[in-house]
Amino acid sequence: MQNLIRTAVLVLAASLIAGCSYFGVYKRDLVQGNLITQDMVSQLHTGMSRAQVVQVMGTPLMEAPFSSDQWDYVFYLDKAYGGTVEKRVTLTFANDQVVDIQKSGDMNADVELDQDSGPGPAVEGAGEGAAVPQVGPTGL
């Protein structure tokens, strides 16, 4: 009987040390790249300058390595307990103006990024009821 108890305790200890758990492994959503929304994409049109594109989309995730005439905005979300969302917008410039817009992925897919859940401190200013700092004559 003592050998059976020792064996059971040893197996339990080994499984805990190995990282196995009855409840499974904790996973978080993995977000990479530039957030791309339908509203942002709908504002893009040929003839826009680089400054106008940056104002709408932000700085690009990638520029073509041998030419700065192509900007790529890439968004990738690997949901912890679900599928993945991939979006890509490629802008081609000539004479500092957009001449081609290529899109891939579902631009209409609404992506909700939850900043309040998970371990660690909450993101400052995230969530409902968060106070917005007011800038006065003396600064913040």
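Visitor: Which residues does Asp72 touch, not counting residues up to four places away in sequence?

Guide: Asp72 touches Pro60, Leu61, Met62, Arg88, Val89 and Thr90, a contact being heavy atoms within 4.5 Å. This is a predicted model, in which local features need pLDDT of at least 70, side-chain atom pairs count only at pLDDT 80 or more, and totals for chains, interfaces and linings use all residues. Residues are numbered from 1 along each chain as its sequence is written, and side-chain values use heavy atoms, with hydrogens and water left out.

Visitor: Why is Asp72 called buried?

Guide: Its relative accessible area is 6%. Buried means under 20%, exposed over 50% and partly exposed in between, with a 1.4 Å probe and protein chains only; Asp72 therefore counts as buried. The residue is found in strand β3, residues 70–78, where a strand is a DSSP run of E with at least two residues and a helix a run of H or I with at least four, numbered from the N terminus.

Visitor: What makes the link between the side chains of Asp72 and Thr90 a polar contact?

Guide: The distance is 2.6 Å. A polar contact requires a pair of N or O atoms within 3.5 Å; within protein, one must be able to donate a hydrogen and the other to accept it, and residues adjacent in sequence count only if both atoms are side-chain atoms. A polar contact of 3.5 Å also joins the side chains of Asp72 and Arg88.

Visitor: How many aromatic pairs does a search of the whole structure find?

Guide: The search finds one. It is formed by Trp71 and Phe93, with ring centres 4.8 Å apart and planes at 65 degrees. Rings of Phe, Tyr and Trp (its six-membered ring) pair if their centres lie within 6.5 Å; planes under 30 degrees apart count as stacked, over 60 as edge-to-face and the rest as tilted. The pair is therefore edge-to-face. Because Trp71 lies in strand β3 and Phe93 in strand β4 (residues 84–94), the pair ties together parts 22 residues apart in sequence. Both residues are buried.

Visitor: How do you know that Arg50 lies over the face of Phe93?

Guide: Arg50 is at 4.4 Å from the ring centre. The criterion is NZ of Lys or CZ of Arg within 6 Å of the ring centre and within 35 degrees of the ring normal.

Visitor: Which residues does Leu44 contact, leaving aside its neighbours within four places in sequence?

Guide: Leu44 is in contact with Val56, Met57, Val89, Leu91 and Ile101.
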